[in-house]
Amino acid sequence: MSPLLDLQAVTRTFPMPDSEPLEILTGVDLTVEPGDHLAVVGRSGTGKSTLLNILGLLDQPSSGSYHLDGTDTARLGERRRARLRGETFGFVFRSFNLI
């Protein structure tokens, strides 16, 4: 059985207009098996929301790989990502968001 969530060497970098790109996630490895429970905790600005956005298919890693139940998410088109997101995840946002 494949892991439910499997991240290998995931990074997420955001371009900055007048400086070097900002690295939010650097080399994240995470494996979550079916039935596991997971809490993501940390100080403000440490990448928790960025990680959850990637896991929930709202964003994509800049590099590395993310497999969701054995499916390589980098190979999914936007329609398939949206369908899979709607069938698989529920989101509760801190502020109003319309998806």
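L5 sits in strand β1, which spans residues 5-16; strands (E, at least two residues) and helices (H or I, at least four) are DSSP runs numbered from the N terminus. L5 is buried, because its relative accessible area is 11%, and buried means under 20%, exposed over 50% and partly exposed in between, with a 1.4 Å probe and protein chains only. Between L5 and E23 there are 18 residues of sequence separation and 22 Å of space, C-alpha to C-alpha.

A word on the model itself: it is predicted, so local features need pLDDT of at least 70 and side-chain atom pairs count only at pLDDT 80 or more, while totals for chains, interfaces and linings use all residues. Residues are numbered from 1 along each chain as its sequence is written, and side-chain values use heavy atoms, leaving out hydrogens and water. The chain has a mean pLDDT of 92, with 96% of its residues at 70 or more; pLDDT is the predictor's confidence in each residue, from 0 to 100.

Let us turn to helix α2. The side chains of R83 and E87 meet there in a salt bridge, 3.3 Å from N to O, a term for a side-chain nitrogen of Lys or Arg within 4 Å of a carboxyl oxygen of Asp or Glu. R83 and E87 are separated by about one helical turn because they lie 4 residues apart in helix α2. R83 counts as partly exposed at 49% relative accessibility, whereas E87 is exposed at 56%. Another salt bridge links E78 with R85, with the closest N and O atoms 3.7 Å apart. Here E78 counts as exposed, at 52%, but R85 is buried, at 11%. R75 and D72 also form a salt bridge, at 3.5 Å between the closest N and O atoms, and R75 is exposed, with a relative accessible area of 72%. The whole structure holds 4 salt bridges.

Next comes the largest pocket, with about 560 Å³ of space. A pocket is an open set of points on a 1 Å grid over the protein atoms alone, where a 1.4 Å probe fits, with protein on both sides within 12 Å along at least five of seven lines; lining residues have an atom within 4 Å of a point. Its volume is the space filled by probe spheres set on the points, which are joined across faces, edges and corners. The lining has 22 residues, and K48, S49, L52, N53 and V92 lie nearest the centre. Helix α1 gives the largest share, 6 residues.
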